[in-house]
Amino acid sequence: MSREIHNRIAMFRADAGMTRRELAEAVGVNPQTIGFLERGDYKPSLELALSIAEVFGVSVELLFSFEPFPSLSQALQKGRE
């Protein structure tokens with residue numbers, strides 16, 4: 001059984017001011033791999049997922065999920081309620 005994996009890599013990368021190339025170098029993969037991950041075209045190994053989370057200093061659950069992440073506008077709306 002193969003499940004879709006959603007991620008927030010692009011959001012964390014942009015917030016950190018990192019390029020795909022910089023993130024790829026930090027975790028030891030090809031920059032194309034980061035693009036494939038961000039688009040959902042590739043599922044990371046556990047080692048890669050943990051490495052990416054480590055670069056951003058967050059738990060892997062903040063980066064990856066089986067369920068789609070709410071949009072930022074939805075998250076802000078909930079915060080106001």
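Ala, Val, Leu, Ile, Met, Phe, Trp, Tyr, Cys and Pro are counted here as nonpolar, Asp, Glu, Lys and Arg as charged, and the others, Gly among them, as polar. The model is predicted, so that local features need pLDDT of at least 70 and side-chain atom pairs count only at pLDDT 80 or more, while totals for chains, interfaces and linings use all residues. Residues are numbered from 1 along each chain as its sequence is written, and side-chain values use heavy atoms, with hydrogens and water left out.

The lining of the largest pocket comprises seven nonpolar residues, two polar and one charged. A pocket is an open set of points on a 1 Å grid over the protein atoms alone, where a 1.4 Å probe fits, with protein on both sides within 12 Å along at least five of seven lines; lining residues have an atom within 4 Å of a point. Among the lining residues are Ile5, Pro44, Leu46, Glu61 and Phe66.

Beyond its neighbours within four places in sequence, Phe56 is in contact (heavy atoms within 4.5 Å) with Ile9, Phe12, Arg13, Ala16, Met18, Leu23 and Leu63.

His6 has 18% relative accessibility and therefore counts as buried, the term for values under 20% with a 1.4 Å probe and protein chains only.

Terms used. Buried means under 20% relative accessible area, exposed over 50%, partly exposed in between (1.4 Å probe, protein chains only).
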